[in-house]
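Please explain how side chains pair with one another in this structure, beginning with the aromatic rings and then turning to the charged groups.

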Amino acid sequence: MAEQQSTLDIVAPFFNEAQSASAFAGLLVQLEAAVAQRFGMKVHKILVDDGSRDDGVARFSQALSGSWEIVRLSRNFGKEVAVLAGLDQSRGDMVLIMDSDLQHSMDISLKLIAELMADPEIDVVYAQNDRREASWRRSQMAKLFYSLINSSQRFDIPENAGDFRVMRGTVARALTSLRDKRRFNKGLFAWAGFRQKAVSYSPENRASGTSKWSRLNLIAFSLEGFTSFSVIPLRLISLCGLLAALAGVVYGAKVFFEVIFYGIAVPGYPSLLVAVVLLGGLNLTLLGLIGEYVWVTLSESKDRPVYIVRDVMRSGTGMLSAPDP
């Protein structure tokens with residue numbers, strides 16, 4: 001009896017990517033042919049529409065060929081959730097996650113697959129952005145972020161590694177069991193463990209449109225990572241409070257010494273104002289940070305579904321209704 005052909009699932013979330021739909025579909029055609037020729041694998045494409053407001057779904061459905069499906073979410077849930085929706089639909093022996101804006105090239109995709117195929121002991125091969133074009137300030141902020149979030153952890157979140165990766169089917173199925181409502185995929189991929197290998201790459205230029213990630217989005221995303229995977233912010237604020245208390249003790253001893261031995265009058269209004277502002281600011285910062293952690297806890301305790309599927313479009317079958325996960 002002939003051995004069954006292995007399958008590679010390609011998971012690609014998209015949001016308002018109508019302009020790049022034709023080009024990305026063309027890239028998938030080339031990638032499918034290359035995968036079949038080099039690795040003898042069938043390819044099934046899973047695109048996830050994360051609540052797009054353009055005609056991207058129509059354009060993708062017209063441009064795609066071979067075996068594919070488009071999962072349409074009921075609204076915009078965010079890329080992190082869209083990736084989970086794609087993994088939930090996956091049944092392949094291997095799963096490749098890539099962006100639909102053409103920044104993840106076919107050559108690097110094939111390299112990731114080749115690295116995974118070459119070593120049966122490796123479970124995940126991820127692309128690590130070398131960030132040669134990033135500004136010095138941004139690169140230093142990234143280093144600080146990863147050094148803080150990885151401190152006191154039993155696992156390390158690799159620096160500059162995103163969703164662009166290939167994994168074995170067993171890993172993909174394990175990741176779908178992690179149903180965090182406030183998702184930080186970098187942390188979840190690292191937390192899940194398995195044997196992972198990095199491949200350095202430089203992202204291609206966007207074919208069209210602009211990045212959906214503003215500075216405020218990046219700051220909020222970083223805070224999401226901290227509140228999901230690290231207690232360091234709370235410890236840093238506690239340390240600041242301890243230092244402020246020690247400074248108060250030292251200042252009090254200084255005032256006492258000056259009054260007793262030198263008869264210097266105690267400065268009133270300025271010192272009182274500084275103390276009130278400093279301690280009030282620390283208290284408000286701590287309350288706000290605790291509020292972030294409480295909000296994460298509240299979101300998880302509500303036990304809502306991570307996402308809701310509106311419908312699924314499959315090659316050759318048209319639109320089908322899909323149950324909520």
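In this predicted model, a search of the whole structure finds three aromatic pairs. One of them joins Phe 24 and Phe 60, whose ring centres are 6.3 Å apart. The planes of these two rings stand at 85°, and an angle over 60 degrees counts as edge-to-face, so the pair of Phe 24 and Phe 60 is edge-to-face.

Phe 164 counts as buried at 2% relative accessibility, and Tyr 201 is buried with a relative accessible area of 9%.

An aromatic ring may also meet a charged group. Arg 75 lies over the face of Phe 77, at 3.9 Å from the ring centre.

Side chains of opposite charge can pair when their charged atoms come close. The count of salt bridges comes to 10. Among them is the bridge between Arg 59 and Asp 55, with 3.3 Å from N to O. Arg 59 is partly exposed, with a relative accessible area of 39%, and Asp 55 is partly exposed with a relative accessible area of 39%.

Lys 79 forms a salt bridge with Asp 99, the closest N and O atoms being 2.8 Å apart. Lys 79 is in helix H3 (residues 79–89), while Asp 99 is in the loop between strand S4 (94–97) and helix H4 (106–118), 20 residues apart. At 26% relative accessibility Lys 79 counts as partly exposed, whereas Asp 99, at 13%, counts as buried.

Glu 121 and Arg 195 also form a salt bridge, their closest N and O atoms being 3.7 Å apart. Glu 121 lies in the loop between H4 and strand S5 (124–129) and Arg 195 in the loop between helix H7 (185–192) and S7, so the bridge ties together parts that are 74 residues apart in sequence. Glu 121 is partly exposed at 48% relative accessibility, and Arg 195 is exposed at 52%. Finally, Arg 72, Arg 310 and Asp 311 are linked in a network of salt bridges.

Technical notes
Residues numbered from 1 in each chain as written. Predicted model: local features only at pLDDT ≥ 70, side-chain atom pairs only at ≥ 80, totals over all residues. Heavy atoms only, no water. Phe/Tyr/Trp six-rings, centres within 6.5 Å; stacked < 30°, edge-to-face > 60°. Buried < 20%, exposed > 50% of the residue type's maximum accessible area, 1.4 Å probe, protein only. Lys NZ or Arg CZ within 6 Å of the ring centre and 35° of its normal. Salt bridge = Lys/Arg side-chain N within 4 Å of Asp/Glu carboxyl O. Helix = DSSP H or I, 4+ residues; strand = E, 2+ residues; numbered from the N terminus.
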